[in-house]
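Student: I have a chain to look over before I set anything up. Can we go through it in short questions and answers?

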Amino acid sequence: PDAPEYYSKRVIVVFSVLFSVLFGSIMMAINVSKTQHAAKAVLVVLYGIAFTAIVVVIASNYNINTGIALISGYVGAFTMEHLFWNRYLGAKTLYRPKPFWIPLIIGIAFSAALIYLIITYGTA
């Protein structure tokens with residue numbers, strides 16, 4: 001009961017794959033901000049921004065399909081786990097899983113807004 005409350009590794013992976021590595025990095029940064037390494041949370045978000053930017057550039061220059069996009073989300077989350085979770089939270093840290101309902105609602109709302117904009121304004 002005294003263990004800290006973190007978003008689980010599994011939840012971060014799922015959100016990184018479904019919504020983006022940037023979204024997963026924000027969840028990871030929230031976890032890191034609750035540790036003695038709180039200042040490193042900015043690095044986690046910067047990683048998410050950089051990874052997402054690289055994927056967007058590659059996807060826009062090459063006709064990338066959805067399967068590859070999902071794989072890149074998993075690769076980003078896997079890398080995040082090894083770069084940040086294991087280093088700043090500890091690979092064997094005991095924790096209580098934090099509820100993920102609020103990030104889920106935000107992710108769905110953001111995705112719905114993005115889909116609406118694509119349908120409404122589309123591409124030429």
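Student: Which residues make the nonpolar surface patch of about 880 Å²?

Tutor: This is a predicted model. A patch residue needs over 30% relative accessible area. Ile 64, in the loop between α3 and α4, has 32% and so counts as partly exposed. The patch is made by Ile 54, Ile 58, Tyr 62, Ile 64, Ile 68, Ile 71, Tyr 74, Val 75 and Phe 78.

Student: Which element gives the largest share of the nonpolar patch?

Tutor: Two elements give two or more residues to the patch: α3 (41-61) and α4 (66-90). Five residues make up the largest share, and they come from α4.

Student: Which element gives the most to the largest nonpolar core?

Tutor: That core has 20 residues. Ile 12, Met 27, Met 28, Val 32, Val 44, Met 80 and Phe 84 have the most contacts inside it. Each of α1, α2, α3 and α4 supplies at least two residues. With six residues, the top contributor is α2.

Student: What does Met 27 contact, leaving aside its neighbours within four places in sequence?

Tutor: Contact here means heavy atoms within 4.5 Å. With those neighbours left aside, Met 27 is in contact with Tyr 7, Val 11, Ile 12, Phe 15 and Pro 103.

Student: How many aromatic pairs are there?

Tutor: Ring centres must lie within 6.5 Å to pair. By this rule, the count is twelve.

Student: Is the pair of Phe 15 and Phe 19 stacked, edge-to-face or tilted?

Tutor: A pair of rings is described by the distance of the centres and the angle of the planes. Here the centres are 5.4 Å apart, with 50° between the planes. Stacked needs under 30 degrees, and edge-to-face needs over 60. The pair of Phe 15 and Phe 19 is therefore tilted.

Student: And why does the pair of Phe 15 and Phe 23 get its label?

Tutor: The ring centres of Phe 15 and Phe 23 are 5.7 Å apart. Their planes meet at 15°, so this pair is stacked.

Student: Are Phe 15, Phe 19 and Phe 23 buried or partly exposed?

Tutor: The cut-off for buried is under 20% relative accessible area. Phe 15 has 4%, so this residue is buried. Phe 23 has 16%, so this one is buried too. Phe 19 has 23%, so Phe 19 is partly exposed.

Student: Which residues do ring pairs link into a cluster with Phe 15?

Tutor: Phe 15 pairs with Phe 19. Phe 15 also pairs with Phe 23. With Phe 15, the linked residues are Phe 19, Phe 23, Phe 100 and Trp 101.

Student: What phi does Ser 20 have?

Tutor: Ser 20 sits in the loop between α1 (9-18) and α2 (21-33). At 23% relative accessibility, Ser 20 is partly exposed. Ser 20 is not a glycine, yet its phi is positive, at about 155°.

Student: How far apart in space are Ile 108 and Leu 18?

Tutor: Ile 108 lies in helix α5 (residues 101-121). Its relative accessible area is 48%, so Ile 108 is partly exposed. Ile 108 and Leu 18 are 90 residues apart in sequence. C-alpha to C-alpha, the distance is 9.8 Å.

Student: What order do the elements of the chain run in, from the N terminus on?

Tutor: The chain has five helices and two strands. From the N terminus on, the order is β-α-α-α-α-β-α.

Key. Residues are numbered from 1 along each chain as its sequence is written. This is a predicted model: local features need pLDDT of at least 70, side-chain atom pairs count only at pLDDT 80 or more; totals for chains, interfaces and linings use all residues. Side-chain values use heavy atoms; hydrogens and water are left out. Helices (H or I, at least four residues) and strands (E, at least two) are DSSP runs, numbered from the N terminus. Buried means under 20% relative accessible area, exposed over 50%, partly exposed in between (1.4 Å probe, protein chains only). Patches are made of residues with over 30% relative accessible area and no salt bridge: like charges are joined within 9 Å, nonpolar side chains (Val, Leu, Ile, Met, Phe, Trp, Tyr) within 5 Å. Accessible areas come from the Shrake-Rupley method with a 1.4 Å probe; for residues, only the protein chains shown count as cover. A salt bridge is a side-chain nitrogen of Lys or Arg within 4 Å of a carboxyl oxygen of Asp or Glu. A nonpolar core is a set of buried Ala, Val, Leu, Ile, Met, Phe, Trp, Tyr and Cys residues joined through side-chain atoms within 4.5 Å. Rings of Phe, Tyr and Trp (its six-membered ring) pair if their centres lie within 6.5 Å; planes under 30 degrees apart count as stacked, over 60 as edge-to-face and the rest as tilted.
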